[in-house]
Amino acid sequence: MTAGEIPGQVRRGLPLDLGLGLLLVVWTAEATVRLPGGSLLTAVVYAALIARLLLTTRLWVPAVLHGWPMLLYPAVCAVSVLWSPVPQESLVAALQLAVTVLAGIYVGTAFGLAGLAGLALTGLGLTMAASVLNLGGALPPAWSWEGGFLGIYTNKNALGQRAVLLSLTLLLFMTEARGRGRWLYALALAATGALLLLSRSATSWVVVLAAGGAMAFLLIRAVRARAGLAVVALTGVLALAASLLILQIDPVQGLLVALGKSSTLTGRTEVWQAALAQIAERPLLGAGHQAFWTAPEYAREARLLAQLY
């Protein structure tokens, strides 16, 4: 996005909006959770965002009216206070969700897709750089009990998933760069990939495989000989599937063993079974937004699930 493409209201307050945008990226990425004064920082983010929203209503209100379905989920969460056993908790959580959605709408309308990519690249890049600095454990704990690297995040999956998002963003910029710029993006991509490996986050690797498959599909569609490549790709997939069947190899179990995981995905399947049981009890309305984890009547189940997972 060029300076001329940025809306006038944003252009006049560009330094403020850039700072707010970067703060939102870092904050929503949960990179500040372990820092002291987390509650104060949250209050600052909310105050700055609400003030900016009030000053630029002509910018983002049309986007909200045009994309109103995005507000349906926060609205349902807010209505759930009517049947939630802890209505105050559900209401607060619904309001937080609504503010998060409005933040995304504002940043999107203010900077556009290219601007969002730039904010993600800068914000997530800063969190990855800070994570590298924590390799020595300056902000303990730096490693999980399973051996995965945490960086500045609270768990290895958080670091891994942010590393995946940054990797995809770097790939996007690398395809557009020329000369030395492309090599700089490649080096940053290699460093981000190293952090992803250190995190030992199986969830993130699943995302990598899915994203890689999607990118391969788009590549096949983009080239002229896409029909021929599609046939080759389909033949390769069928041949691989037939080989696995003949040799009686379970690729999922092999991948889990390689990643040091059990067939329960580190307790996830037990959590899913417990969730399905709770859904069966209240299939239409549920327990209310965020109520299961905070309501006294679910305290025993929530504690057991937390210990299990």
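Reader: Why is the pair K156 and E146 called a salt bridge?

Author: The closest N and O atoms of K156 and E146 are 3.7 Å apart. The rule asks for a side-chain nitrogen of Lys or Arg within 4 Å of a carboxyl oxygen of Asp or Glu, so this pair qualifies. Bear in mind that the model is a predicted one.

Reader: Which parts of the chain does this pair tie together?

Author: K156 lies in helix α7, while E146 sits in the loop between α6 and α7, so the pair joins parts that are ten residues apart in sequence.

Reader: How do you know whether K156 is buried or exposed?

Author: By its relative accessible area, which is 7% for K156. Buried means under 20%, so K156 is buried. E146 has 28%. That value lies between the 20% and 50% cut-offs, so E146 is partly exposed.

Reader: How many salt bridges are there by this rule?

Author: The count is three. One of them joins the side chains of R52 and D17, with N to O at 2.8 Å. This pair links distant parts of the chain: R52 belongs to helix α3 (residues 38–55) and D17 to helix α2, 35 residues apart. Both R52 and D17 are buried.

Reader: What makes R162 and E30 a salt bridge?

Author: The closest N and O atoms of R162 and E30 are 3.6 Å apart. The limit is 4 Å, so the pair counts. As background, side chains of opposite charge can pair when their charged atoms come close.

Reader: Is R162 buried or exposed, and how do you know?

Author: R162 has a relative accessible area of 14%, which is under 20%, so R162 is buried.

Reader: How do you know that the span of helix α2 agrees with what it should be?

Author: Helix α2 covers residues 14–28, which is 15 residues. At 1.5 Å a residue, the helix should span 21 Å, and its end C-alpha atoms are 21 Å apart, so the two agree.

Reader: Which residues of α2 are buried?

Author: They are D17, L20, G21, L24, V25, V26 and W27. An α-helix has 3.6 residues a turn, so residues three or four places apart point the same way.

Reader: What makes T127 buried?

Author: T127, in helix α6 (residues 87–133), has a relative accessible area of 3%. The cut-off is under 20%, so T127 is buried. Leaving aside neighbours within four places in sequence, T127 is in contact with V26, A31, I152 and Y153.

Reader: Why is the meeting of the T127 and Y153 side chains called a polar contact?

Author: The distance between the side chains of T127 and Y153 is 3.0 Å. A polar contact needs N or O atoms within 3.5 Å, one able to donate a hydrogen and the other to accept it, so the pair counts.

Reader: Is L126 buried or exposed?

Author: L126 is also placed in helix α6. Its relative accessible area is 52%. Exposed means over 50%, so L126 is exposed. L126 and V26 are 100 residues apart in sequence, yet 8.3 Å apart in space, C-alpha to C-alpha.

Reader: What makes the nonpolar surface patch?

Author: V132, L135, W143 and L198 make the patch, which has about 320 Å². Members need over 30% relative accessible area, and L135 has 38%, so L135 passes that test. L135 sits in the loop between α6 and α7 (156–176).

Reader: How do you know that S84 is buried?

Author: S84 has a relative accessible area of 8%, under 20%, and is therefore buried. S84 is in the loop between α5 (72–79) and α6. Its side chain meets that of S90 in a polar contact of 2.8 Å, and reaches the backbone nitrogen of V86 at 3.2 Å. Beyond neighbours within four places in sequence, S84 is in contact with S90, A287, G288 and A291.

Reader: How many helices and strands does the protein have?

Author: There are 13 helices and zero strands. Of the 309 residues, 31% count as buried.

Note on methods. Residues are numbered from 1 along each chain as its sequence is written. This is a predicted model: local features need pLDDT of at least 70, side-chain atom pairs count only at pLDDT 80 or more; totals for chains, interfaces and linings use all residues. Side-chain values use heavy atoms; hydrogens and water are left out. Helices (H or I, at least four residues) and strands (E, at least two) are DSSP runs, numbered from the N terminus. The expected span of a helix is 1.5 Å times one less than its number of residues. Buried means under 20% relative accessible area, exposed over 50%, partly exposed in between (1.4 Å probe, protein chains only). Contact means heavy atoms within 4.5 Å. Patches are made of residues with over 30% relative accessible area and no salt bridge: like charges are joined within 9 Å, nonpolar side chains (Val, Leu, Ile, Met, Phe, Trp, Tyr) within 5 Å. Accessible areas come from the Shrake-Rupley method with a 1.4 Å probe; for residues, only the protein chains shown count as cover.
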